[in-house]
Amino acid sequence: MIQLDDVSLAYAGRTGPVLALEGTSISVAKGEFAAVVGPSGCGKSTLMKLVTGLVKPTKGQVAVNGAPVTGPVKLAGMAFQNANLLPWRTVTENLMLPLEIVEPYRSNFRRNKDEYRARAETLLDTVGLKGFGDRFPWELSGGMQQRASLCRSLIHEPALLMLDEPFAALDAFTREELWCVLRDVWERLRFTVVLVTHDLREAAFLADTIHVMSARPGRIIDTRKVDFPRPRSLDVCYEPEFSALVLSLRNKIAEVRQS
Amino acid sequence: MTNRQIEALAPWIFTLGIFVFWEAAVRLLNVSSVVLPAPTEIFAAMHRYSVPLLKNSFVTLWTTLAGFALAVGFGLLRGLFVGWSRTIYRGLYPVMIGFNSIPKVAVVPILVMWFGIGEVPAILTAFLISFFPIVVNVATGLATIEPELEDVLRALGASKLDVMRKVGIPRAMPYFFGSLKVAITLAFVGTVVSETIAANAGLGHLMVQAGSNFQMPLVFAGLLLLAIEGIGMYAVTAWLEGRMTGWAFRSQQSAGG
């Protein structure tokens, strides 16, 4: 699904070019849940922009679905640390935003508006926001806004979901709750996910594969398969194998931060 | 009386208080009405000259509104144009600053030479002076879209036009309606400045005429009417702002929830 071959990216900084990524190779299969972890400032977010075609690599090749990426990929759903909902739209209208842009929904938007509205409400139901569709985003708590943001990234049933620390601003309980929401949606639809995070437990709980990045310039220095059976419950986080995995990831990152 | 009622009445009580204080001061200190007329004299002048005052206020009102309408139309278009891309924003901003820093009084004689004495220079002065805040506000609203939100849309394949229509323009609306409050007041200043320099009608013109005849109560009557018109137009734009973009105020109140 996603193939990065020896990709480097430099951008113009104030004191000359800054190398954000160097010689990064990564491969994510269709339907795979991949997580990227690493120290802060290692170019994780740059990786997201590369995959979605928002920036072009200075060197190397990015391919999505077998075709080289030359512009915005047009099929990805994205969610970030900030929910970024539009305050002048109700929650349902916010969810319908991608449908106003992505084909084939876009051309039929007026005709199928009621159907899309129903679809938005069904999706809200699955993340526990039933009945909040007519509220405005600022009437919702941070966790609820983040759920809505997740729904917005999923409404057009993207083949690829890009998440950039989507739960970082939430409290621990809400975060774990949303892990389960994401897990359930993914179990049902099995789209490809790239989750960028600095929360190792989050990566270990959700992902099939964890890629560890080095400090800037970022490179993938380690790739771990996570073999805990699915569907996983939160209890898995308290098993010794889980703790061992998190600990070894932690050591790996501590190691690359030093160097 | 509840606190809320007192709060609602407070502006009227204060206005009345100022007039009472003014009247008392003029009477006690025996100030000549050529220097500072008492409010009662001003109201008497208003009553006596009600027809010319109303006629001239109307001229001032419609020229201001015409200039303001031009400023809104062109300001909105120009703001959208400037806010469209960073390059245009960067390139045009200094030019606009330079243009805006010219005192508009200095432009009036030129306008009079071009269009003759009358309403046209007043309208154009009002337009020139109130145009700038609208452009700047609309452009700023557009230019400060959250980059992440733009990424979300672009990753969906949205064009620049889509991003502007779905996010940029609605987002710039609170800025736009906010700027109208500033612009209408400035437009008013522009009209009166132009009328004082060269016009054959309007409150500014009337005040200059009355001043040269030492009819101070009439000058102050004109001043009072200017204040009333100014407050009225401000109130209308403020109401419009709350009406059109109430979400911006409410979302600020409960941000973060």
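## Close-up views of chains A and B

**The interface between the chains.** 23 residues of chain B are in contact with 28 residues of chain A, contact meaning heavy atoms within 4.5 Å. This is a predicted model: local features need pLDDT of at least 70, side-chain atom pairs count only at pLDDT 80 or more, and totals for chains, interfaces and linings use all residues. Residues are numbered from 1 along each chain as its sequence is written, chains are lettered from A and ligands numbered from 1 in the order written, and side-chain values use heavy atoms, with hydrogens and water left out. Together, chain B and chain A bury about 2,300 Å², of which 66% is on carbon and sulfur atoms. Buried area is the accessible area (1.4 Å probe) that two parts lose on being put together, summed over both.

A salt bridge is a side-chain nitrogen of Lys or Arg within 4 Å of a carboxyl oxygen of Asp or Glu. A:Arg106 makes a salt bridge with B:Asp162, with 2.7 Å between the closest N and O atoms. On the side of chain B that touches chain A, α7 (147–155), α8 (160–197) and α11 (246–253) of chain B each supply at least two residues. α7(B) gives the most to this side, with 7 residues. By type, the residues of this side divide into 9 nonpolar, 5 polar and 9 charged. Here Ala, Val, Leu, Ile, Met, Phe, Trp, Tyr, Cys and Pro count as nonpolar, Asp, Glu, Lys and Arg as charged, and the others, Gly among them, as polar.

**A loop residue of chain A in contact with chain B.** A:Asn82 lies in the loop between β6 (76–79) and α2 (91–95) of chain A. Beyond its neighbours within four places in sequence, A:Asn82 is in contact with A:Gln146 and B:Glu148. A:Asn82 counts as partly exposed, at 45% relative accessibility. The classes are buried (under 20% relative accessible area), exposed (over 50%) and partly exposed (in between), with a 1.4 Å probe and protein chains only. From A:Asn82 to A:Leu249 is 26 Å in space, C-alpha to C-alpha, and 167 residues in sequence.

**Helix α5 of chain A and its packing.** Helix α5 (residues 172–189) of chain A has 18 residues. Helices (H or I, at least four residues) and strands (E, at least two) are DSSP runs, numbered from the N terminus. From first C-alpha to last, α5(A) reaches 26 Å, close to the 26 Å expected at 1.5 Å a residue; the expected span is 1.5 Å times one less than the number of residues. Its buried residues include A:Leu178, A:Trp179, A:Cys180, A:Val181, A:Leu182, A:Val185 and A:Trp186. The buried residues of α5(A) pack against β3 (33–37), α4 (142–154), β7 (160–164), β8 (192–197) and α6 (200–206) of chain A. Just after α5(A), A:Arg190 takes a positive phi of about 50 degrees.

A:Arg201 and A:Glu176 meet through their side chains in a salt bridge (3.6 Å, N to O). The pair links distant parts of the chain, with A:Arg201 in helix α6 and A:Glu176 in helix α5 of chain A, 25 residues apart. A:Arg201 is partly exposed at 30%, whereas A:Glu176 is buried at 19%. A:Asp184 and A:Arg183 also join in a salt bridge (3.1 Å, N to O). A:Asp184 is partly exposed, with a relative accessible area of 42%; A:Arg183 is buried at 14%.

B:Glu23 forms a salt bridge with B:Arg27, the closest N and O atoms being 2.8 Å apart. The two are separated by about one helical turn, because they are 4 residues apart in helix α1 (residues 3–29) of chain B. An α-helix has 3.6 residues a turn, so residues three or four places apart point the same way. B:Glu23 is buried at 13%, while B:Arg27 is exposed at 58%.

A:Ser8 sits in strand β1 (residues 2–13) of chain A. A:Ser8 is buried, with a relative accessible area of 8%. Its side chain reaches the backbone nitrogen of A:Gly23 at 3.1 Å. A polar contact is a pair of N or O atoms within 3.5 Å; within protein, one must be able to donate a hydrogen and the other to accept it, and residues adjacent in sequence count only if both atoms are side-chain atoms. Leaving out residues up to four places away in sequence, A:Ser8 touches A:Leu21, A:Glu22, A:Gly23, A:Pro57, A:Thr58 and A:Lys59.
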